[in-house]
Amino acid sequence: MRIAHRLPLIAALAPVIAAVAILISFHYFFLRAPGPIGSDDGYTLALGERLLDGRWLPYVDGASHRGPLLYWLAALAQATFGRFEWTGGRWLMFLNCLVTVAGLTGIGLVARAPLAGAIGALLYAYLVVTLDPGASSGVNGEPLAGCFAVLAILATACGMLRAEPGRRRLLWLGVAGCLSALGGFTKQTAFPLFAPLIAWVAIASLVEAGLTRRERGTQIAALLLGFAIPGLAIVLRYWRVGELHTFWYWFYTYNADVYMQPFADAPFREVFGTYVRANPWPFGIVCGAVALGLVRPVFEADPFPRGLPRSYVAHALEVTVALSTAAAYVAYASPKRFWFPYQMLVYPFLSLLLGLRAHALFERSTGGVVARASGYLVFGAMMVGWTGYGANQRLKELVSQRRSGGWRAARPDPMCELINQHTGAADPIYVWGFEADLYLTCRRHVAARFTYATLVVGTVPPFWTQPRPERVARDARRLLVSDLKATRPKLILDLPARMGNQSLRSVPELVTLIDHDYCRIELAAGLRKGTAYVRLDQPACTAR
């Protein structure tokens, strides 16, 4: 009998070990020759460097529009693993994946469904490895926010499934609310993931027998208070330095009024329909898994509908994960930009939901110990074999791409020779365009808060070639000129190729500054396409 009870736990070991092994092999590939991954990696880590040189204030030290916690984490990674090194970003995302796997495994253990958590962990590792490496290994907000959201579900499960009513449960719920808020302050689209936790705690508080009215309200209040604490702390931090308006502009206003504006008139039904026609299988898997997770309490409500709340609570974890999957998928689809990084918010919940469905199937088994052990062995071998084979094929492809010139280490870069020629190690430089990787690769401080220039020129991805005045971020041009006058970089690089060829000379305020204080140097063949501007008091200009 004891062996029968431990079979699911024993069976869970292989998927968890396989998940960790897949992540180690995948991230080791990038750690061996660290460099930028994906389009956002360079400017995000460069912004982290700006925080280390400044007051640790995202949006003030460095301008961008994702959650402030993303940039705090980037700065922390740079401070921990080396200034102006690429290893910080690689370790940050590797550890993020490992913590997510640990969180998924932990949810299964707390819910006494260890195989569900193990399957979820393995599927998550498989998805992040086999799909776009830039989305999973580059420093993006979605995988980090997803990790916080998974830990929030784990804390909620610890409080509602394991802790008795009282102080310990309230503490767990407060932690859950705090973790959920941290996810939203990493990537704003993760805020809706708090709603399923509220539903779980609220319905369970109403249904649970033996609780007083005060105890029911206190449980919900603990969750809400935990959720409010990070926001209050962040708002207070910006308010104390007189930058609350700056925080709100970049955190919300720019996203709502500028970043989303090009898609405002696009009919969602038409855009989403085009996506579904091109991706029928992912859409079908998500909808099917969510439907199965939500419908179980309905089937088992007795009597119906009065028994629905109690049935909801009996299957609260599965319903919560299903609702989280749906919320993450809506967050992925709502911007009408179906980019790979946005999908990363869906993967941990979809993986766990499929694991819970498998657990529900195994629960119904009526065979003896030998039969069940054989079933677990066959299933585990197939799961580990399938995911391991797929991950290995993906890794072979990455190795082949590296041999063909892709995924190379950031250094050496010929651009660094030019930068070393005109600046010293302690001198800041400014790079116009979308080539902020040069700050890290060439180990130079960032001379201005705008680590990428779309905010200044007035473009919104993917409309790189359509600058418009209304898409210029508030005060961006004035602030950039002010920063450059304050830091007086010896070298300014105009590298517009990755930004729709929108040169800094399309900004009149910058042209005035450049023509007054700098001389122009054409970049040699073999370097990145663009122009270098050297300060007039430097030898490259005075020798002319």
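The structure is a predicted model, in which local features need pLDDT of at least 70 and side-chain atom pairs count only at pLDDT 80 or more, whereas totals for chains, interfaces and linings use all residues. Residues are numbered from 1 along each chain as its sequence is written, and side-chain values use heavy atoms, with hydrogens and water left out.

Grid points are joined across faces, edges and corners, and a volume is the space filled by probe spheres set on the points. The largest pocket has a volume of about 890 Å³. Its lining consists of 44 residues, and H65, K187, Y259, W339 and Y342 are those nearest the centre of the pocket. Two or more lining residues come from each of α2 (41-53), α6 (133-137), α11 (244-259), α15 (316-333) and α16 (340-343). Helices (H or I, at least four residues) are DSSP runs, numbered from the N terminus. Helix α11 provides the largest share of the lining, 7 residues. By residue class, the lining of the largest pocket comprises 25 nonpolar, 11 polar and 8 charged residues. In this division Ala, Val, Leu, Ile, Met, Phe, Trp, Tyr, Cys and Pro count as nonpolar, Asp, Glu, Lys and Arg as charged, and the others, Gly among them, as polar.

The count of cavities of 30 Å³ or more is 1. The largest cavity has a volume of about 50 Å³. Residues F30, A33, P34, G35, P36, I37, R90, R402, W407 and R408 line this cavity, and they divide into 6 nonpolar, 1 polar and 3 charged.

W407, one of the residues lining the largest cavity, has a phi near 55°, a positive value in a residue other than glycine. W407 lies in the loop between α18 (369-403) and α19 (414-422) and is partly exposed, with a relative accessible area of 25%. Buried means under 20% relative accessible area, exposed over 50%, and partly exposed in between (1.4 Å probe, protein chains only). A positive phi, of about 60°, is also found at D475, which is not a glycine. D475 belongs to the loop between α21 (454-457) and α22 (476-487) and is partly exposed at 40%. Most residues other than glycine have a negative phi, and most peptide bonds are trans.

Two cis peptide bonds are described here. The bond from D302 to P303 is cis, with omega near 0°, and the bond from F304 to P305 is cis, with omega near 5°. P303 is in the loop between α13 and α14 (308-314), and P305 is in the loop between α13 and α14 as well.

F304 also contributes to a nonpolar surface patch with L292, V295, V298 and F299, the accessible area together being about 500 Å². Patches are made of residues with over 30% relative accessible area and no salt bridge, with like charges joined within 9 Å and nonpolar side chains (Val, Leu, Ile, Met, Phe, Trp, Tyr) within 5 Å. Accessible areas come from the Shrake-Rupley method with a 1.4 Å probe, and for residues only the protein chains shown count as cover. V295 is located in helix α13 (residues 280-299) and is partly exposed, at 31% relative accessible area.

A salt bridge is a side-chain nitrogen of Lys or Arg within 4 Å of a carboxyl oxygen of Asp or Glu. The whole structure contains 23 salt bridges. In one of them R449 pairs with D483, with the closest N and O atoms 2.8 Å apart. This pair links distant parts of the chain, 34 residues apart, with R449 in the loop between α20 (437-441) and α21 and D483 in helix α22. Both R449 and D483 are buried. R477 and E509 form a salt bridge with an N to O distance of 4.0 Å; R477 is in helix α22 and E509 in helix α23 (residues 508-517), 32 residues apart. E509 is partly exposed, with a relative accessible area of 36%. R520 and E522 form a salt bridge at 2.8 Å between the closest N and O atoms. R520 is partly exposed at 42%, whereas E522 is exposed at 51%. Salt bridges that share partners join D413, E435, D437, R498 and R528 into one network.

Technical notes
On a 1 Å grid over the protein atoms alone, a cavity is a set of points where a 1.4 Å probe fits but cannot get out, and a pocket is an open set with protein on both sides within 12 Å along at least five of seven lines; lining residues have an atom within 4 Å of a point.
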